[in-house]
Amino acid sequence: MPIAPVTFAPALADLAARGLRRRRRIARRGAHDTADILLDGRPCVDFCSNDYLGLAAHPRVVEAFVGAAREHGVGARASHLITGHEPPHEALEQEIAAWTGRERALVFSTGYMANTGLASALAGREASVYGDRLNHASLIDGGRLSRAALHHYPHGDVAALERMLAAQESGRALVLTDGVFSMDGDLAPLPDLAGACARHGAFLAVDDAHGLGVVGATGRGSLEHFGLTAQQVPALVGTFGKAFGTFGAFVAGSEELVETLVQRARTYIYTTALPPAAAEATRAALAASIAEPWRRQRVLALTRRFRERALAAGLPLAESGTPIQPVLLGGADAAVGASRALLERGFFVAAIRPPTVPADTSRLRVTLSAAHRDGDVDALVAALADVIRP
Ligand SMILES: Cc1ncc(COP(=O)(O)O)c(C=O)c1O
């Protein structure tokens with residue numbers, strides 16, 4: 001067969017024809033504590049950021065970032081294993097280990113890299129990796145990168161997972177799941193998953209990117225919510241770009257697990273370390289999230305307020321108790337149309353379409369933040385009811 005010419009236009013046109021071509025907008029936010037933004041110059045309230053606690057513009061977080069940039073410079077200048085590992089990284093790792101109740105934590109540059117690095121360091125060709133069908137793309141890609149045999153079980157279906165584990169004949173088994181599902185807002189059935197893993201000798205890793213800071217009596221995430229120990233869930237992944245309002249991620253676990261990642265995780269080894277100022281800002285954000293529990297209480301109160309009003313208005317909400325509140329619309333065009341109509345009314349809620357979510361489950365992904373005002377939430381529900389008429 002002759003070599004095919006490299007052309008891009010047909011595939012792009014096809015995406016556009018199917019309503020799946022995405023475009024970027026310029027979001028301008030001041031360093032202030034509301035969710036008001038200018039989107040392509042148009043004022044609106046942002047209902048799709050992951051800044052659940054409103055910490056991205058917290059004065060102490062901003063100060064920590066600026067002060068550390070003055071002290072350390074901006075870039076880390078090298079990878080962690082060369083000369084990029086600086087005192088702010090080390091201090092952040094110790095604080096995260098203490099906060100999560102683990103022996104050790106390792107800071108990665110992004111959550112995407114933490115998940116791909118973890119899966120590929122722990123599983124090889126001879127292993128099997130199991131994941132929930134609605135897992136975040138970075139967990140799916142981690143499984144692919146590991147070259148292990150990949151299996152996806154239906155969303156939340158622990159019985160199906162257990163059947164798959166029982167059928168495995170050799171090699172390690174690694175089970176990967178979101179703690180809070182990023183596009184659905186529901187919690188994974190972690191106690192049952194932990195039980196299945198214990199029965200079959202599988203290793204469980206939970207990515208709690210959307211649970212940490214928000215879920216659990218003190219914001220320690222889905223594991224705290226369910227009362228699960230480090231023995232039951234030996235690897236915990238968290239990201240700093242969401243509730244902590246900064247940038248970066250971590251894997252926390254035993255001394256041996258983290259040392260294995262230092263030696264084996266290619267996304268940790270072969271990349272420039274996170275800017276030390278970002279680590280310092282995260283330390284301030286972690287401290288603020290602990291010192292100001294009202295932020296967690298506020299985002300959860302706003303979540304309840306949104307749900308009560310939206311359900312009373314007959315809106316098609318997904319079953320979720322977290323600040324991720326999907327409004328399920330089905331077709332990609334319906335979601336894009338609703339998002340556009342909301343923007344005209346002063347609210348930005350992104351339309352989430354395939355391949356991010358399965359076909360025919362396109363949605364508006366509403367997210368709440370402690371930075372929202374009560375009136376923002378009430379006005380959003382009124383606008384949604386106006387835009388989504390049956
Ligand atoms: C569940 C989950 N894990 C990991 C990531 C990736 O984290 P990061 O943005 O730090 O790469 C995201 C989103 O970005 C996510 O939603």
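Predicted model: local features only at pLDDT ≥ 70, side-chain atom pairs only at ≥ 80, totals over all residues.
In the contact, 20 residues come from domain 1 and 24 residues from domain 2.

The size of an interface is often given as the accessible area lost when the parts come together. For domain 1 and domain 2, this buried area is about 1600 Å². Carbon and sulfur atoms account for 61% of the area. Polar contacts also cross the interface of domain 1 and domain 2, where seven residue pairs are found with both members at pLDDT 80 or more. On the side of domain 1 that touches domain 2, helix α13 (294–312) and the strands β11 (324–330) and β14 (362–367) each supply at least two residues. By residue type, that side of domain 1 consists of ten nonpolar, five polar and five charged residues.

One salt bridge is counted between domain 1 and domain 2. A salt bridge is formed by the side chains of R363 and D184, with an N to O distance of 3.0 Å. R363 also has a place in a sheet, being the bridge partner, in β14, of I352.

The sheet that holds β14 is open and has three strands, in the order β11-β14-β13, with antiparallel pairing. The edge positions are taken by β11 and β13; each has a single partner strand, so one side of each is left without a neighbour in the sheet. The antiparallel strands β13 and β14 are joined by two bridges. The loop between β13 (351–352) and β14 contains P355. The peptide bond leading from P354 to P355 is cis, and its omega is near 10°.

A further open sheet has four strands, in the order β1-β2-β3-β12. The pairing in this four-stranded sheet is mixed. Strands of a sheet pair through backbone hydrogen bonds, either parallel or antiparallel. At the edges of the four-stranded sheet stand β1 (27–28) and β12 (347–348), each of which has a single partner strand, so one side of each lacks a neighbour in the sheet. Strand β3 (residues 42–46) runs parallel to β12, and two bridges join the two strands. In this region, D46 is positioned opposite F348 of β12.

The loop between β2 and β3 includes D40. D40 is a residue other than glycine with a positive phi, near 50°.

Across the model, the count of salt bridges comes to 20. Among them is the pair R373 and D36, whose side chains meet at 2.6 Å, N to O. This pair links distant parts of the chain, as R373 and D36 are 337 residues apart. R373 is in the loop between β14 and α15 (374–387), while D36 belongs to strand β2 (residues 36–39).

Conventions. Residues numbered from 1 in each chain as written. Heavy atoms only, no water. Contact = heavy atoms within 4.5 Å. Buried area = accessible area lost by both parts, 1.4 Å probe. Salt bridge = Lys/Arg side-chain N within 4 Å of Asp/Glu carboxyl O. Polar contact = N/O pair within 3.5 Å; in protein donor to acceptor, adjacent residues only side chain to side chain. Nonpolar A, V, L, I, M, F, W, Y, C, P; charged D, E, K, R; others polar. Pairing = 2+ DSSP bridges.
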